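User: Please go through the packing and the ligand surroundings in this model, with the cut-offs stated.

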Amino acid sequence: MNKKILIVEDQFIEANHLRIMLQRADYEVCSVARSVEQAEEIIENERPDLVLLDIFLTGKRTGIDLAVQLRETNIPFIYLSANSNEEVLNAAKATHPNGFLVKPFREKDLLVALQIAHYHHENGLESQLRKETLLQTQLANITAGLAAWDQKLLMTAQVLQPFISFDLLAVGTSGNAGMPGGIIYFLRIGFNEYQVITQDGLQTIANLKNGEMEALQAKTMLAPDIAFYNNEHFKLVTSVPTMRKLIADTFGMHSLLELPLPVTSAHDSPFSFSFYSRRDDVYAAHHRALCQRIRPFLQLAKRSMYQAEPVAAPVGHINLPASSPNSVFSGIIGRSPQLTEVFELISQVAPVDTSVLITGESGTGKERIADSIHALSPRKNQPLIKVNCAALPANLIESELFGHEKGAFTGALEKRIGRFEQANHGSIFLDEIGDMPLETQVKLLRVLQQKEIERIGGKAPVKVNIRIIAATNRNLEKEVAEGRFRLDLYYRLNVFPIRLPSLAERKDDIPLLVNHFVQIYSKKTGKKISGVSDKAIKNLMAYNWPGNIRELENLIERSVLLAKNDLIDHIPLPTQQSQKISEKAEESRLKTIFENERDYIIEVLKRCNGRIRGADGAAAILNIPPTTLGSKMKKLGIRRDFSI
Ligand SMILES: Nc1ncnc2c1ncn2[C@@H]1O[C@H](COP(=O)(O)OP(=O)(O)OP(=O)(O)O)[C@@H](O)[C@H]1O
């Protein structure tokens, strides 16, 4: 059956042109809307399979306003816009479009974008369904199991987390009709690690007197049905003294999703799951829809808990050791909520073959994340081939990636198997994908679409079965807007984006990281260093880490090398401030080889305007190959814009 497309475009000529292109490709154009209002009416009557959506339309509302509704009703859409302004792109991106075409575009671009959008939509739906079936099975297994009720609750919290992300889950009954423990709280303290807090425990943490909590509970009216509260709504529901306000204030929560279970008999008391998140604007209509679908399973789980052997209610707050998938991420140090979120994304995406795009500043650990995605995937016993797209010379990149036949070009003395073929049945990590030349991008797109490669000089394409993990520290939307990165490739790669927070965004992880690196480098150097003083840690926490974890690691390595005592009590930081204050002192201080090398490379890069390759590039002046310069810059934490 032909797919039904709705065009939302207020320019008559453009809309007509689109209609012709679509009909030529056998799509059915159900209508053309000039405003959001018209589009809403058509969507209600026709339910198109996909919407092509201009951003600026006749009337007050924009395509971005309509996109929010399309997302909620699960209709895929592609933006069409002439406006490449970054702010608009960011607002559009926040609505998770299935594609973005920058006007003017070619017929070919439109057709590829449509194919990609359908592919993503269908795959997204399919994998969502698969995951949800798994969730239902897990809930049914918990229900049928023999664990005590508090264990069952903990297991329920754990299996819900990937679907409804929460920092605190309050679950239970305020009526206390036979349910031991009343309400119990699960505070997330790590990936799959929860602190279990009883009502007594909460009273202690919140510093309440006897009777005060009961008074708050009595004033807390549960919503009659599933409801979520973000932003202003959240402020409103937490403005009056109730349990919601108590939890929001005590734990710094900003969003709430409430899932009450239906009361089915006179003996039943109100029982609910309340998911709280520290992030703003987390819960949405799709969470409400999911809650509706899983509610019958939770109802069964609740009954089984009533029947479970009553055990003494836990006193105070206790830690229930959860099975520890943390160990899977053992090389990735950190427990901050920002990193925990990344772990969650990894565990969701690793088992499926979806392409992953890891973004984040240089030195945030993108390569580590790629390693763990591969290690957690069914391909873990097959190779993970790593390619640094920025370090490959432009004239060799193709033969490096796709291989060549003997004699394919001057100098091709032997047949060469490219990296893609080496990665067959495994994964390929394309680091610095934003630096890939445009001509190679076209070829990569073909690998993604057709799952085959062509060796240079080869006679027939070779089928490959590869999982793609790409990473970049560039802003790819900006690269697309400026014509340096292909939009169709961007959408193919950006199926599952993972953004790694900078170290400055997760400073809570600094003490753990410092400890980790101290241990590594003490072992390497054979020194017995017990740790770093509190004062030094405080200084490290105050610094803003432009070179991220790599910079921290380098600094600790140097401090361990230079340490004279078993406790490192001072770590000199390259802060701009301290540099200014003590410029004189700095002049008289002898620099280390590390600092000298770094400063010299930065100086040369500045003179070459950041150019690395070519006769007047930094590598030629330094008389080293560009690839060596690239790895030195990486090691020394120097970015391409030669800042550190
Ligand atoms: N969470 C972490 N725990 C421990 N070590 C880490 C962590 N994240 C990164 N590292 C270490 O920091 C250094 C930089 O990490 P990595 O090379 O993965 O960064 P990157 O984001 O890929 O950098 P670039 O964009 O420059 O390629 C590596 O030595 C890595 O082992």
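**Helix packing and ligand shell**

User: At what angle do helix α12 and α13 pack?

Analyst: The model is predicted, with local features requiring pLDDT of at least 70 and side-chain atom pairs pLDDT 80 or more, while totals for chains, interfaces and linings use all residues. Residue numbers start from 1 along each chain as its sequence is written. Helices here are DSSP runs (H or I, at least four residues; strands are E, at least two), numbered from the N terminus. With axes fitted to C-alpha atoms over the stretch in contact, and angles running from 0 to 180 degrees between N-to-C directions, helix α12 (residues 337-349) and α13 have axes 9 Å apart and an angle of about 35°.

User: Which residues of α13 make the contact with α12?

Analyst: Contact requires C-beta atoms, placed from the backbone, within 7 Å. From α12 come V342, I346 and V349; from α13 come I369, S372 and I373.

User: Which residues are buried in α13?

Analyst: Buried means 20 or more other C-beta atoms within 10 Å of the residue's own, with C-beta atoms placed from the backbone. The cover over these residues includes α12, β13 (356-359) and β14 (384-388). The buried residues are K366, I369, A370, S372, I373 and H374.

User: Between which domains does the ligand lie?

Analyst: The shell around the ligand has 18 residues, taken as those with a backbone-placed C-beta atom within 6 Å. Domain bounds come from an automatic or database assignment. Both domains give residues to the shell, so the ligand lies between domain 3 (350-499) and domain 4 (518-636).

Notes
Two residues are in contact if their C-beta atoms, placed from the backbone, lie within 7 Å. A residue is buried if 20 or more other C-beta atoms lie within 10 Å of its own, exposed if 12 or fewer, and partly exposed in between; C-beta atoms are placed from the backbone.
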